[in-house]
Amino acid sequence: MTTTDLPVVPHWIDGAPLETAGSRTAPVYNPALGTATKNVGLADAATVDDAVRAAASAFAPWRDTSIARRQAIVFRFRELLNERKGELAEIITSEHGKVLSDAAGEIQRGLEVVELATGFPHLVKGEYSENVSTGVDVYSFKQPLGVVGIISPFNFPAMVPLWFFPVAIAVGNTVVLKPSEKDPSAAVWMAELWKEAGLPDGVFNVVHGDKTAVDGLLTHPDVASISFVGSTPIAQYIYETAARHGKRVQALGGAKNHMLVLPDADLDLVADQAINAGFGSAGERCMAVSVVLAVDPVADELVAKVRERIANLRVGDGTRDPDMGPLVTREHRDKVASYIDVAATDGAKVVVDGRDVAPDGAPDGFWLGPTLLDHVPTTSRAYTEEIFGPVLSVVRVSSFDEGVELINSGEFGNGTAIFTNDGGAARRFQNEVEVGMIGINVPIPVPVAYYSFGGWKHSLFGDAKAYGPQAFDFFTRQKAVTSRWLDPATHGGINLGFPRND
Ligand code: NAD
């Protein structure tokens, strides 16, 4: 079969699939096979406009749908997603490559946000003050924004969209989602599920595409806000362009997460967690640990323990229950692998080279095994840049202070972790480190749904984090009403002075 004979992943506009209009398509790969299995249409500006129009027409009736009815639909979506999450996990594995249990894990974390969204009536309640002046009351309430745009990355094709759209929809907005063109099917599957849950047509739309589709959303006059997750250079572009076009914007960017290991830490626990956080999802997680900062004298012992564990990891096709799957595309695998040479040239020691891996999978799969680099110089691009693959770097530092200084001097501030049994050191760490999400003996500190998710510095552009309390503010705007019901005896007659609260 040539790539032109492959099935096409449709857009989803106004409650129905739409096969690509226009001629541009991109192949969608099964990374474990290394072959294209589908095509996806890349929307042009007209298709984006169709989706935005559908969302704009659906907005007023959806906003004015009773809270009870909206809540019932979100509950139904939650039930359906929970019942059928196995289907979605299979879709994710077939396009992203992560192992099935990991795909199930990302859906579970997404479900948490749906569950949070079911409680929206309490979280968008207004305030009321009686008699702020004689016979005058003031109250506030929150209204949805309108059409909200969501642009998501390849690494969590279900969870990242689920960080945003359950809350956005529950509080009365309508949505146009532009998922990653590398693994687009999960978004369409969730759109079908919303329809089954009873969501009116046009409230949730999906357009596939690349920069053209993204720009269509960023500049569209009827799009009120943009929620973006992806790499830092694109996040910065999104933030600036969307803001210039008058939109509310939150743009979450890349990461380089450090794990600081103090000499009193339990090194077996640390080695286990470094493996989990470094190589889970083949390191394609924005909260993956990519640097272990080993405070003297733990490095030699820790490197030996991590190397032992890597030897037992099984890499292979995610449907065969290995520990780690392939990378998402051939280009990405090659780019990640190139950092091994960069590090070696800069003086690092390659302790385990993932290019030597023997995977349990098809020969053309996008394989790269767990890689361990030691003595990585902090001037090397292997240290300063986000690699986003299964490459774990060990950097040796002489003290807690040197470790914290290194973390704080970096470009990113997404996640970090400290491993120690010293409560005082951990407390100092959480106080001094310039990072948005911190783990204490926890390697991937992704907050639960009722705390917001987001980093500092070049890991988040904009004021609002994802999900949690901040999502309810991001997806609504407040009105304050000052009200007096006049009665002839108390209205006070004509007075041109500035209104005072007497
Ligand atoms: P990416 O930046 O390449 O793509 C993200 C989205 O932007 C996709 O929908 C893509 O189609 C679109 N896009 C790509 N190029 C564009 C361009 N030139 N103009 C406009 N839009 C464009 O990111 P990715 O490779 O899909 O995902 C991995 C990145 O996402 C990593 O950097 C990772 O750290 C980051 N990420 C961050 C978080 C977080 O919460 N901070 C979470 C997940 C992923």
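How many nonpolar, polar and charged residues does the lining of the largest pocket have? In this predicted model, the lining has 18 nonpolar, twelve polar and nine charged residues. The space in this pocket comes to about 960 Å³. In total, 39 residues line the pocket. Closest to its centre are Phe154, Lys182, Gly230, Ser231 and Ile234.

Several elements contribute to this lining. Those that give two or more residues are α8 (211-219), β11 (223-229), α9 (232-244) and α12 (330-345). Among the elements, α9 gives the most, with five residues.

The ligand was examined next. There are 28 residues around the ligand. Of these, Lys178, Glu181, Ser231, Gly253 and Glu386 come nearest. Ser231 is also listed among the residues closest to the centre of the largest pocket.

A polar backbone atom of Ser152 lies 2.8 Å from an oxygen atom of the ligand. For Phe154, a polar backbone atom is 3.0 Å from a ligand oxygen atom. Taken alone, the ligand exposes 840 Å². The protein buries 88% of that area.

Key
Residues are numbered from 1 along each chain as its sequence is written. This is a predicted model: local features need pLDDT of at least 70, side-chain atom pairs count only at pLDDT 80 or more; totals for chains, interfaces and linings use all residues. Side-chain values use heavy atoms; hydrogens and water are left out. On a 1 Å grid over the protein atoms alone, a cavity is a set of points where a 1.4 Å probe fits but cannot get out, and a pocket is an open set with protein on both sides within 12 Å along at least five of seven lines; lining residues have an atom within 4 Å of a point. Grid points are joined across faces, edges and corners, and a volume is the space filled by probe spheres set on the points. Helices (H or I, at least four residues) and strands (E, at least two) are DSSP runs, numbered from the N terminus. Ala, Val, Leu, Ile, Met, Phe, Trp, Tyr, Cys and Pro count as nonpolar, Asp, Glu, Lys and Arg as charged, and the others, Gly among them, as polar. A residue is near a molecule or strand if one of its heavy atoms lies within 4 Å of it. A polar contact is a pair of N or O atoms within 3.5 Å; within protein, one must be able to donate a hydrogen and the other to accept it, and residues adjacent in sequence count only if both atoms are side-chain atoms. Accessible areas come from the Shrake-Rupley method with a 1.4 Å probe; for residues, only the protein chains shown count as cover.
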